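Let's take a friendly walk through a protein structure, stopping at a few residues along the way. Have the sequence and the 3D view ready.

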Amino acid sequence: MVIATPAPATRRAERDARRDRWFARALKASALLVLAVLLGAALSTLWGGREVLFGEGLRFLASSEWNPVDDRYGALAPIFGTVLTSIIAIVLAVPVAFGIALFLTEIAPEWMRAWFSAAIELLAAIPSIIYGMWGLFVFVPFMAEQVQPALTAVLGELPLLGALFSGPPLGLGILTAGIVLAVMIVPFIAAVMREVFLAVPGRLKESARALGATTWEVVWHIVLPATRSAVIGGIFLGLGRALGETMAVTFVLGNAYDIQASLLMPGTSISSSIANEFNEAVGNHRSALLALGFLLFVVTFFVLLIARVMLRRLARREGTA
């Protein structure tokens with residue numbers, strides 16, 4: 001009786017299929033590990049802050065009072081400072097990052113692009129504490145002596161806008177922290193924009209120029225429509241970095257648990273509050289700080305969720321166009 005042996009091609013196909021199954025399982029385990037770590041971090045902060053979150057309820061979210069002596073804690077001021085400084089950073093950083101990416105991809109000569117790209121990557125690699133020290137010792141005095149007095153003199157007397165630029169020129173404050181954050185996130189957004197701009201086929205841009213389009217028209221009608229989703233993703237990546245920044249903001253924000261209309265006044269953020277007080281916190285004080293950490297996780301999650309929804313709508317619209 002002759003026993004047929006599998007052909008070499010069949011054995012190889014079986015071996016490849018087995019390896020593919022192991023590879024798929026490894027990738028699935030990696031994805032589940034990321035989700036487990038994320039869920040574990042969220043649940044640990046929720047469990048650590050349960051006394052304040054469930055004991056205070058809505059008062060913790062709606063109050064700006066922060067008094068560890070009397071065990072009275074409110075998260076409104078840190079949330080307000082975190083969101084406002086991040087909005088200022090995005091408003092200032094996006095036009096600058098767009099200009100840098102546009103210059104590097106469309107205008108700068110070839111010999112200059114490599115040097116500027118390396119400089120942008122170097123800015124992204126600088127530790128946040130270095131930005132904080134630069135902000136405290138260099139930028140804060142400049143804001144106190146030059147920028148804030150000028151803003152108060154020019155805009156402080158306007159009917160509605162003046163309230164945003166009133167107050168003594170302290171240097172520290174919401175506006176200063178927002179500008180420092182903008183400097184920090186510009187390299188990330190510019191790098192993403194630069195890469196996606198370079199991914200646009202050169203034939204499309206050259207065809208538009210052959211029809212008489214200017215550089216701006218090429219960017220506005222060819223490059224941006226082709227890279228819209230990636231550009232928005234890069235912007236939200238920078239926003240996520242701004243929301244979670246700790247050391248740089250701690251140096252220049254002023255760390256005052258107060259909500260004021262003026263952007264020149266000191267404030268606080270969730271990350272800076274945790275960094276300043278967690279080492280000495282006990283009891284309900286530590287629970288309140290852990291609850292702030294959970295709120296920061298929730299805020300960041302919703303920001304990224306909004307980004308995903310926007311990107312999905314853009315993808316659906318581009319697919320049906």
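## A threonine inside a helix

A polar contact is a pair of N or O atoms within 3.5 Å; within protein, one must be able to donate a hydrogen and the other to accept it. Keep that in mind as you look at this model, which is predicted.

Find Thr85 in helix α4, which covers residues 76-107. A polar atom of the Thr85 side chain sits 3.1 Å from the backbone oxygen of Thr82. Is Thr85 buried or exposed? Thr85 has a relative accessible area of 2%, so it counts as buried, the cut-off being under 20%. Leaving aside residues up to four places away in sequence, Thr85 touches Ile174, Ala177, Gly178, Leu181 and Leu253.

Ile129, Ile130, Met133, Trp134, Phe137, Val138, Val183 and Met247 make a nonpolar patch of about 690 Å². Which helix gives the largest share of this patch? Helix α6 (residues 128-155) does, with six residues.

Val183, one of the patch residues, belongs to helix α7 (residues 174-198). With a relative accessible area of 34%, Val183 is partly exposed.

## Two loop residues with positive phi

Most residues other than glycine have a negative phi. Asp71 is not a glycine, yet its phi is positive, near 55°. Look for Asp71 in the loop between β1 (66-67) and β2 (72-73), where it is partly exposed at 36% relative accessible area.

Asn255, also not a glycine, has a positive phi of about 55°. Asn255 lies in the loop that runs between α10 (247-252) and α11 (270-277), and its relative accessible area of 29% makes it partly exposed.

Notes:
Residues are numbered from 1 along each chain as its sequence is written. This is a predicted model: local features need pLDDT of at least 70, side-chain atom pairs count only at pLDDT 80 or more; totals for chains, interfaces and linings use all residues. Side-chain values use heavy atoms; hydrogens and water are left out. Helices (H or I, at least four residues) and strands (E, at least two) are DSSP runs, numbered from the N terminus. Buried means under 20% relative accessible area, exposed over 50%, partly exposed in between (1.4 Å probe, protein chains only). Contact means heavy atoms within 4.5 Å. Patches are made of residues with over 30% relative accessible area and no salt bridge: like charges are joined within 9 Å, nonpolar side chains (Val, Leu, Ile, Met, Phe, Trp, Tyr) within 5 Å. Accessible areas come from the Shrake-Rupley method with a 1.4 Å probe; for residues, only the protein chains shown count as cover. A salt bridge is a side-chain nitrogen of Lys or Arg within 4 Å of a carboxyl oxygen of Asp or Glu.
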